[in-house]
Amino acid sequence: MSRASSLMPKALQADASPPAEGDSADPGATMTRRIAEAITAAIVERRLMPGTKLAEQPIADIFKVSRTIVRQALMQLSRDRLITLEPARGAFVSRPSVEEARQVFGVRLMLETAMVRQLARDITPEQVEELRAHLRAEASAVQRTDVPGRTRLLADFHIILARQLGNEVLAQLLADLLSRSSLISLMYQSSHSAEHSQAGHVQIVDALARGDADEAVRLMEAHIAEVESNLRLHPRINDLATALASAASP
């Protein structure tokens with residue numbers, strides 16, 4: 001899968017439609033988008049952790065642009081809720097709350113089960129082959145223990161499903177949600193298995209290929225539930241006495 005189609009909300013938008021009129025004549029807008037896409041990819045691929053400070057000057061130096069352009073990119077990412085802007089402190093990779101995590105997975109469940117139900121009715125042999133080619137790329141990345149690659153590909157699977165419906169609005173919504181899911185996984189993930197996620201994708205594609213809408217929905221529900229269940233969605237213990245009480249007990 002090409003880099004252009006990877007899980008980056010604004011990159012997805014750019015890939016799905018022609019450049020905005022006049023955009024090619026505005027190098028500032030182009031660089032703003034490029035910086036936003038680069039930071040999004042680094043978050044999705046787990047190279048930037050939640051809470052990481054995004055200082056404007058180092059980013060400006062990397063891309064050889066002004067801090068004004070960097071600030072515009074950070075504001076864009078703030079609107080996407082991938083980063084937070086704190087007065088007098090700057091920009092940081094977001095730290096999703098437990099409640100936000102639950103809400104993100106709840107919205108994904110509603111959207112993606114409806115998505116596969118419709119796709120099971122309309123999918124073509126060519127689209128099935130596209131999905132199977134993607135599954136082969138996923139399996140290869142998992143076998144190579146290519147963490148950034150497999151993270152991107154496992155997320156991209158869901159975007160491909162939306163695009164096969166011809167619904168770019170849905171694809172954009174899922175791209176945003178999956179970017180936030182990556183942040184949530186970075187904070188709350190326990191022993192999540194990429195192999196299990198990949199196997200779940202194989203089962204979903206098999207059901208779609210058979211045109212079995214009910215089974216595709218059941219499998220998508222189970223897949224999202226498994227990903228969520230592999231997260232430790234409970235508050236961490238910060239009180240010293242509480243944390244050590246069990247060890248001190250006779």
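Reader: What makes Lys64 count as exposed?

Author: The model is a predicted one. In it, Lys64 has a relative accessibility of 74%. Exposed means over 50%, so Lys64 falls in that class. The residue sits in the loop between α3 (56–63) and α4.

Reader: Why is Arg81 called exposed?

Author: Its relative accessibility is 51%, and the class begins over 50%, so Arg81 counts as exposed. Arg81 is found in the loop between α4 and β2. Its phi is also positive, about 65 degrees, although Arg81 is not a glycine.

Reader: Leu82 is placed in the loop between α4 and β2. Is Leu82 buried or exposed, and how do you know?

Author: Buried: the relative accessible area of Leu82 is 0%, and the cut-off for buried is under 20%.

Reader: Which residues does Leu82 touch, leaving out those up to four places away in sequence?

Author: Leu82 touches Thr40, Ile43, Leu77, Val93, Ser94, Ser179, Arg180 and Leu183.

Reader: What makes β2 and β3 a pair?

Author: There are 4 bridges between β2 and β3, where at least two are needed. This pair is antiparallel as well. Thr84 stands opposite Phe92 in β3. The hairpin of β2 and β3 has 3 residues between the strands, and Ala88 in that hairpin takes a positive phi near 70 degrees.

Reader: Why do β1 and β2 stand at the edges of the sheet?

Author: The sheet is open and has 3 strands in the order β1-β3-β2, with antiparallel pairing. β1 (53–54) and β2 (83–86) each have a single partner strand, so one side of each has no neighbour in the sheet.

Reader: Which helix lies across these strands, and at what angle to β2?

Author: Helix α4 (residues 67–79) lies across β1, β2 and β3, and runs at about 115 degrees to β2.

Reader: How do you know that the span of α6 is close to the expected one?

Author: Helix α6 (residues 125–143) has 19 residues. From its first C-alpha to its last, α6 reaches 27 Å, and 27 Å is what is expected at 1.5 Å a residue.

Reader: What makes the buried residues of α6 line one face?

Author: The buried residues of α6 are Gln127, Val128, Leu131, His134, Leu135, Glu138, Ala141 and Val142. Seen down the axis, they fall within an arc of 135 degrees, so they line one face of the helix. In general, an α-helix has 3.6 residues a turn, so residues three or four places apart point the same way.

Reader: What covers that buried side, and which exposed residues does the face turned away from it carry?

Author: The cover includes α5 (98–122), α7 (147–164) and α9 (194–210). The face turned away carries the exposed residues Pro125, Glu126 and Gln143. After α6 comes Thr145, with a positive phi near 55 degrees.

Reader: Why is His223 called buried?

Author: His223 has a relative accessibility of 4%. Buried means under 20%, so His223 counts as buried. Its place is in helix α10 (residues 213–229). Leaving aside residues up to four places away in sequence, His223 touches His158, Ser197, Gly200, His201 and Ile204.

Reader: Which residues have the most contacts inside the largest nonpolar core?

Author: They are Val116, Leu131, Phe157, Leu161, Leu174, Ile204 and Leu208, in a core of 35 residues. The elements giving two or more residues to this core are α5, α6, α7, α8 (168–188), α9 and α10. Leu161 is in contact with Met115, Val116, Leu119, Leu131, Leu208 and Met220, its neighbours within four places in sequence left aside.

Reader: What other core lies apart from this one?

Author: Another core, of 22 residues, lies apart from it, with Ile35, Ile39, Leu54 and Ala60 among its members.

Methods. Residues are numbered from 1 along each chain as its sequence is written. This is a predicted model: local features need pLDDT of at least 70, side-chain atom pairs count only at pLDDT 80 or more; totals for chains, interfaces and linings use all residues. Side-chain values use heavy atoms; hydrogens and water are left out. Contact means heavy atoms within 4.5 Å. Axes are lines fitted to C-alpha atoms, for helices over the stretch in contact, and angles run from 0 to 180 degrees between N-to-C directions. The expected span of a helix is 1.5 Å times one less than its number of residues. Buried means under 20% relative accessible area, exposed over 50%, partly exposed in between (1.4 Å probe, protein chains only). The arc is that of the directions from the helix axis to the C-beta atoms. A nonpolar core is a set of buried Ala, Val, Leu, Ile, Met, Phe, Trp, Tyr and Cys residues joined through side-chain atoms within 4.5 Å.
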